[in-house]
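Dear colleague,

Please find below the structure that I am handing over to you.

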Amino acid sequence: MKWHTAYACLGAAVLLGASGAAVAQGSSDSVTLYGRVVAGFDYQNHVYDEATGKSHSVHSGADNQWGTSMFGFKGTEDLGGGVKAIFNLESGFSGTTGNLNGDALFNRRAYVGLQSDEYGTLMMGKNQPIADQLWALDPTGQQFIGSATLVRGRNWQGDDNMFLYESPRVGGVGVQLMTTASGVGSGNRKDALSLSYVDFVYELRAIYDVARDEDGKYSDVFAYSKELTLGGTVTWDDLKLFAGYELLDAPDVKDGQTDRAQHYWLGARYRITPALTLIGAAYRVNANQGGGSANLFMAGVDYSLSPRTLLYASVGNVQNGDNANFSVEATNYNPARGQSQTGFYVGMAHSF
């Protein structure tokens, strides 16, 4: 899509959203415009340049490191009998350049569906992956220094052409089932299942997600693989503890390449005041067949200026084993193999 066409579509969507919200006032139907803008400063040292064999530091404006900048529209229509029609259009973008995160205008969500308090919700279209629920098990909320880092973003893959069913939550228990209808046969197909239990103190989740390449194979442990995630949280007043385990399996990789990786983490969030929250976490990955191992340590602070405006600062250090070159952030700014790396980002987020 040409940029001027994208901007024209966005302008039309804003006008439609505004008019829809105005029409919906006073009725059970609604259209909501929402979003968030995040920007700041980012730094990483020991970034290895294979062409020169030397390492250097990288610093730049930060956009999606703490959380994604986004805008979206969502709405409901009451169809009667306890059933509603729903839709959600959502796009992620860079807060430092204004560019979209990908070629599509709505690159995060674009789905329509039916919702029933009694029978659950059916969604069809494009959505964030079920594996994205892992944010609930990560004390950072899946920042760039977080649970996505040592699996090279494996749990961030979006789902096109998806069909997702979400059950009503009964006694704290909920189920989600997802499949996609991509291409011919099983090429690029994704399937996922999520089981969760949530109450005021405990949250337990089991997520199973599979992603195949265009040939229907599990050919890359950090891209096209079987992913099992188990974890939970415990909340005591202002302290919340987190623990997680993630297993990646890619049985169709070439002989001698990494086909299995195990990822563990522990962390905590502590609310010192209603405005100030401290974050701490430690992550470890072990990859077979020479994939190496790494330890990642993170500390962060969130400070709310208001319910919608927040200042953030996060710092991390990754210690790679001899064969590993994981970055301290979920980026391609990798160190040399066996090299440690430190990074941090600071900035501001405003939601609307």
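Phe41, Tyr43 and Phe344 are linked into a cluster by ring pairs; rings of Phe, Tyr and Trp (its six-membered ring) pair if their centres lie within 6.5 Å, and planes under 30 degrees apart count as stacked, over 60 as edge-to-face and the rest as tilted. Please note that this is a predicted model, in which local features need pLDDT of at least 70 and side-chain atom pairs count only at pLDDT 80 or more, while totals for chains, interfaces and linings use all residues. Residues are numbered from 1 along each chain as its sequence is written, and side-chain values use heavy atoms, with hydrogens and water left out.

Aromatic pairs

A search of the whole structure finds 10 aromatic pairs. The rings of Phe71 and Phe106 form an edge-to-face pair, because their centres are 6.5 Å apart and their planes stand at 65°. This pair links distant parts of the chain, 35 residues apart: Phe71 belongs to strand E3 (residues 69-80), and Phe106 to the loop between strand E4 (83-93) and strand E5 (109-116). Strands (E, at least two residues) are DSSP runs, numbered from the N terminus. Phe71 is buried, with a relative accessible area of 11%, and Phe106 counts as buried at 17%; buried means under 20% relative accessible area (1.4 Å probe, protein chains only).

Tyr312 and Tyr345 also form an edge-to-face pair, at 6.4 Å centre to centre and with 65° between the planes. Tyr312 lies in strand E16 and Tyr345 in strand E17, so this pair ties together parts that are 33 residues apart in sequence. Both tyrosines, Tyr312 and Tyr345, are buried.

Nonpolar cores

The largest nonpolar core has 34 residues, and Leu150 and Phe326 have the most contacts inside it. Such a core is a set of buried Ala, Val, Leu, Ile, Met, Phe, Trp, Tyr and Cys residues joined through side-chain atoms within 4.5 Å. The elements that give two or more residues to this core are strands E13 (260-271), E14 (276-287), E15 (292-304), E16 (309-320) and E17 (341-351). E14 gives the most, with five residues. A second, separate core of nine residues includes Leu164, Met178, Ala192 and Ile207.

Leaving aside neighbours within four places in sequence, the residues in contact with Leu150 (heavy atoms within 4.5 Å) include Phe222, His263, Tyr283 and Phe326.

Charges over rings

The charged end of Arg152 sits over the ring of Phe326, 4.2 Å from its centre. Lys74 lies over the face of Tyr34, at 5.2 Å from the ring centre. The criterion is that NZ of Lys or CZ of Arg is within 6 Å of the ring centre and within 35 degrees of the ring normal.

A buried glutamine

Gln44 is found in strand E1 and counts as buried at 1% relative accessibility. Beyond its neighbours within four places in sequence, Gln44 is in contact with residues including His56, Ser57, Glu329, Tyr333 and Gln341. Gln44 and Arg152 are 108 residues apart in sequence and 16 Å apart in space, C-alpha to C-alpha.

Yours sincerely

Terms used. Buried means under 20% relative accessible area, exposed over 50%, partly exposed in between (1.4 Å probe, protein chains only). Helices (H or I, at least four residues) and strands (E, at least two) are DSSP runs, numbered from the N terminus.
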